[in-house]
Amino acid sequence: MSDNIPRPIRSYVLRQGRITPGQQQAIETLGARFCLPFQKSLLDFNTVFDRPGLGHSPTVLEIGSGMGETTAHIATAHPEQNFIAIEVHSPGVGSLLQKAAQLTNLRIIQHDAVEVVEHMIAASSLAGIHVFFSDPWPKKRHHKRRLLQAPFIHVLALRLSLGGTLHIATDWAEYAEEVLATLSAEPLLKNTAARFTPRPATRPQTKFETRGLRLGHEVFDLVFVRV
Ligand SMILES: C[S@@+](CC[C@H](N)C(=O)[O-])C[C@H]1O[C@@H](n2cnc3c(N)ncnc32)[C@H](O)[C@@H]1O
């Protein structure tokens with residue numbers, strides 16, 4: 001990239017993560033069936049989820065699915081809903097694919113979620129958005145990399161249908177307070193609790209959460225509804 005073109009600030013750094021042979025094989029054999037390419041046009045969920053009789057199912061978007069345990073668990077538990085998982089790292093995509101072979105209600109987009117939401121997700125189209133353990137970027141000079149900032153939260157709120165929910169979880173107390181303040185200031189969203197909410201039964205414990213709990217971190221869930 002030329003020096004005078006500003007680079008967008010991303011919420012992730014793409015590392016040459018080690019991909020296992022199993023993850024690689026899952027991408028090669030299942031990628032074409034499950035993965036949607038990034039495009040600068042809106043997705044039609046009915047076409048994407050070609051499920052006779054279930055085409056109009058509520059669609060839930062997950063940002064940063066990581067290794068995909070939670071994603072696969074929730075998609076398996078809710079066959080009546082469609083799930084779109086966004087994740088930039090190939091090992092995570094491969095890992096989710098390894099768990100997803102039997103699922104007909106899941107698609108994956110390997111691209112920056114900010115661009116995916118902006119270009120591919122129609123206004124008022126989502127029943128839910130999950131953002132579980134988004135990187136907290138703890139150093140102050142890195143806070144600008146945090147995914148959950150006011151402008152993006154507004155864009156997310158616009159993508160929810162009325163009554164749709166934005167569910168966020170984090171184990172970083174200071175980020176949790178910042179996100180709570182930002183969500184509370186967004187007029188399109190209303191908190192379902194006074195502040196944080198106990199982990200809803202619909203969210204199984206994630207890999208990062210287990211690590212955070214082991215380190216003695218408290219976990220914070222926020223569930224806001226689109227009004
Ligand atoms: C700390 S991990 C949490 C993963 C998983 N949700 C869990 O709880 O185990 C955050 C994930 O978000 C992904 N991520 C961060 N920013 C992203 C973005 N802008 N678009 C897509 N994925 C992103 C990272 O690659 C990483 O896998």
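How many residues surround the ligand, and which are the closest? In this predicted model, 23 residues surround the ligand, and the closest are Gly64, Gly66, Ala113, Phe133 and Thr206.

**The shell around the ligand**

- Sorted by class, the shell consists of 10 nonpolar, 9 polar and 4 charged residues.
- Two helices, α5 (113–120) and α8 (207–214), each contribute at least two residues to this shell.

**The chain as a whole**

- The protein chain contains 8 helices and 7 strands.
- A compact globule of 227 residues would have a radius of gyration near 17 Å, and the value for the protein chain, 17 Å, agrees with this.
- Along the principal axes, the C-alpha atoms of the protein chain fill a box of roughly 45 × 40 × 40 Å.
- Among the 227 residues of the protein chain, 36% count as buried.

**Helix α1**

- Helix α1 comprises 14 residues (residues 21–34), which at 1.5 Å a residue should span 20 Å; the C-alpha atoms at its ends are 18 Å apart, in agreement with that expectation.
- At Glu28, α1 bends by about 45°.
- Gln23, Ala26, Ile27 and Phe34 are the buried residues of α1.
- These buried residues of α1 pack against α4 (90–100) and β3 (106–109).

Notes
Residues are numbered from 1 along each chain as its sequence is written. This is a predicted model: local features need pLDDT of at least 70, side-chain atom pairs count only at pLDDT 80 or more; totals for chains, interfaces and linings use all residues. A residue is near a molecule or strand if its C-beta atom, placed from the backbone, lies within 6 Å of it. Helices (H or I, at least four residues) and strands (E, at least two) are DSSP runs, numbered from the N terminus. Ala, Val, Leu, Ile, Met, Phe, Trp, Tyr, Cys and Pro count as nonpolar, Asp, Glu, Lys and Arg as charged, and the others, Gly among them, as polar. The expected span of a helix is 1.5 Å times one less than its number of residues. The bend at a residue is the angle between axes fitted to the seven residues ending there and the seven starting there. A residue is buried if 20 or more other C-beta atoms lie within 10 Å of its own, exposed if 12 or fewer, and partly exposed in between; C-beta atoms are placed from the backbone. Two residues are in contact if their C-beta atoms, placed from the backbone, lie within 7 Å. The radius of gyration is taken over C-alpha atoms; the globule rule is 2.2 Å times the number of residues to the power 0.38.
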